[in-house]
Amino acid sequence: TEPDACVVVGHCCESGDLLTPGPDDPEEIRERMLAPSKIGDYIVVESAGAYCSGMSSKNYNSFPEAPEVMLKKDGSLQSIRKKQKMEQIWQNEE
């Protein structure tokens with residue numbers, strides 16, 4: 001199948017929540033040619049900035065922490081953090 005022209009954004013609905021900016025211009029929206037996808041598919045984002053666990057705003061907008069997967073040198077994947085359950089967020093908001 002042919003790749004699709006896509007713009008990739010995050011879930012925060014902020015002006016800087018763009019994961020496919022133009023070169024040397026973080027405000028420019030730039031399409032990337034990606035394999036066709038559907039809801040529920042995964043995408044690998046390297047150099048994710050504030051989307052990595054060390055830089056994330058924990059539970060910003062009551063959004064759960066995302067699971068993290070590490071790509072090992074041999075090409076295999078290893079889960080290094082499970083998706084946070086909503087109950088865990090609610091505990092912090094009591």
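Predicted model: local features only at pLDDT ≥ 70, side-chain atom pairs only at ≥ 80, totals over all residues.
## Chatting about charged pairs and a nonpolar patch

Reader: Good to know. How many salt bridges does it have?

Author: The count comes to four. Among them is the pair of Arg81 and Glu68, whose side chains meet at 3.8 Å, N to O. That pair links distant parts of the chain, with Arg81 in strand E6 and Glu68 in strand E5, 13 residues apart.

Reader: Nice. Is Arg81 buried or exposed?

Author: Arg81 counts as buried because its relative accessible area is 19%, and the cut-off for buried is under 20%.

Reader: And what does the side chain of Arg81 make with Glu65?

Author: A polar contact, side chain to side chain, at 3.4 Å. Salt bridges with shared partners also join Glu65, Glu68 and Arg81 into one network.

Reader: Which side chain meets Lys38 in a salt bridge?

Author: That would be Asp41, at 3.3 Å, N to O. Lys38 is exposed at 60% relative accessibility, while Asp41 is partly exposed at 37%.

Reader: What about Arg30?

Author: Arg30 pairs with Glu28 in a salt bridge at 2.9 Å, N to O. Arg30 is partly exposed, at 32%, and Glu28 is partly exposed as well, at 26%.

Reader: Switching topic: which residues form a nonpolar patch on the surface?

Author: Val7, Val9 and Ile29 do, with about 270 Å² of accessible area together.

Reader: Where is Ile29 found?

Author: Ile29 lies in strand E3, residues 25-29, and it is exposed, with 60% relative accessibility.

Methods: Residues numbered from 1 in each chain as written. Heavy atoms only, no water. Buried < 20%, exposed > 50% of the residue type's maximum accessible area, 1.4 Å probe, protein only. Polar contact = N/O pair within 3.5 Å; in protein donor to acceptor, adjacent residues only side chain to side chain. Patch = residues over 30% accessible without salt bridge, like charges linked within 9 Å, V, L, I, M, F, W, Y side chains within 5 Å. Areas by Shrake-Rupley, 256 points an atom, 1.4 Å probe, with all protein chains shown as cover. Helix = DSSP H or I, 4+ residues; strand = E, 2+ residues; numbered from the N terminus.
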